[in-house]
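Here is a short report on one protein chain. Please keep the sequence and the model open while reading.

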Amino acid sequence: MYIPVRIFTKNVKGKTIPAIQCPNCGHSADYDLLKQVSGATVMFIPIFRMISDGFAVCQSCGTTFPIGDKGYKQLAKARNVTTQDLFACINAAIDKQKQAEQAQSEILRQAEQAQSQKQLNIVKAGFSDKKQTVAVLLALFLKPFGAHHFYLGQMRLGLLCLGIFVGSMIAALMALLLVTIFVLEVFIIWGIVDAFRIGFGKYRDSDGKYVVSDKQRYSILLHTMPTAHQTQDD
Ligand SMILES: [Zn+2]
């Protein structure tokens, strides 16, 4: 069944504040308050509706000043709005916007740092000299024989795969075909998962070194090189 869900944002004109000197055009002008209303409807029935932002528009020059949702509610309630009231709301909204931008860039900076730390750890662990493409193909097609494990020096894991595979073949001989099929299915999924991990450069060989492509190695080395903005911080 299709349930129409709609999320909307619209501007609704509120009251008009008379005669305030505009910092932009200098005229003593009327200001229209605008509220931005966001909400959602499910099957055309509103389930929530809220003021998400507010603005004051100079009717002389058309400049739109942000006042925020708080500012809108405050000014909409007030009987007499003075120039100071309006400007205080504008300043508060601009401050809030600046704080949000700062928080955003701080989050981005931290994410970048975490990312380069991760890549630095890969560089410290080292790169495997084994070919990524070979390992991916072996994992995809010869997982039951433990082929990519042997290729990457993981003898125990390789023998484990081989042992389980031989066991499942014996089960087939004993007419336990369901067991054999189940084991082979597990191998298929396990092989695909390994292939993806190897392909994305998340897989380590028996020395703990990462199996990467030339492109991945280049990109990781490029991102862990000291850059201009890192040296600026020091
Ligand atoms: Zn104006």
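**Overall form**

This is a predicted model. The protein has eight helices and four strands. In sequence order the pattern is β-β-β-β-α-α-α-α-α-α-α-α. The radius of gyration is 32 Å, whereas the globule rule gives 17 Å for 234 residues, so the protein is more spread out than a compact globule. Along the principal axes, the C-alpha trace spans about 90 × 60 × 20 Å. Of the 234 residues, 21% count as buried. Consider contacts with a sequence separation of 6 or more: 50% of them join residues 24 or more positions apart.

**Domains**

The domain assignment gives domain 1 (5-96) and domain 2 (125-233). Their C-alpha centres lie 58 Å apart.

**Cores**

In general, nonpolar side chains tend to be buried together in soluble globular proteins. Which residues have the most contacts inside the largest nonpolar core? They are Ile17, Tyr31, Ala56, Ile67, Leu75 and Leu86, in a core of 17 residues.

A second, separate core has 14 residues, including Ala147, Ile198, Tyr203 and Val211.

Setting aside residues up to four places away in sequence, Leu86 touches Ile17, Ile20, Tyr31, Ala56, Leu75 and Val81. Among these partners, Ile17, Tyr31, Ala56 and Leu75 are also on the list of residues with the most contacts inside the largest core.

**Strand pairing**

Strand 1 and strand 2 pair in the antiparallel sense, with 13 bridges.

**Helix 5**

Helix 5 covers residues 155-173, which is 19 residues. From first C-alpha to last it reaches 27 Å, close to the 27 Å expected at 1.5 Å a residue. Just after helix 5 comes Ala175, with a positive phi of about 65°.

Start with Ser116, which is in helix 2. Is Ser116 buried, exposed or partly exposed? Ser116 counts as partly exposed because it has 16 C-beta neighbours inside 10 Å, and a buried residue needs 20 or more. Leaving aside neighbours within four places in sequence, Ser116 is in contact with His223 and Thr224. Ser116 and Leu221 are 105 residues apart in sequence, yet their C-alpha atoms are 10.0 Å apart in space.

Now take Leu137, found in helix 3 (residues 132-141). How many other C-beta atoms lie within 10 Å of Leu137? There are 16, so Leu137 is partly exposed. How far apart in space are Leu137 and Lys73? The C-alpha to C-alpha distance is 63 Å, and the two residues are 64 residues apart in sequence.

Technical notes
Residues numbered from 1 in each chain as written. Predicted model: local features only at pLDDT ≥ 70, side-chain atom pairs only at ≥ 80, totals over all residues. Helix = DSSP H or I, 4+ residues; strand = E, 2+ residues; numbered from the N terminus. Rg over C-alpha atoms; globule rule 2.2 N^0.38 Å. Buried ≥ 20, exposed ≤ 12 C-beta atoms within 10 Å, placed from the backbone. Contact = placed C-beta atoms within 7 Å. Expected span 1.5 Å × (residues − 1). Core = buried A, V, L, I, M, F, W, Y, C linked by C-beta atoms within 7 Å. Domains from an automatic or database assignment. Pairing = 2+ DSSP bridges.
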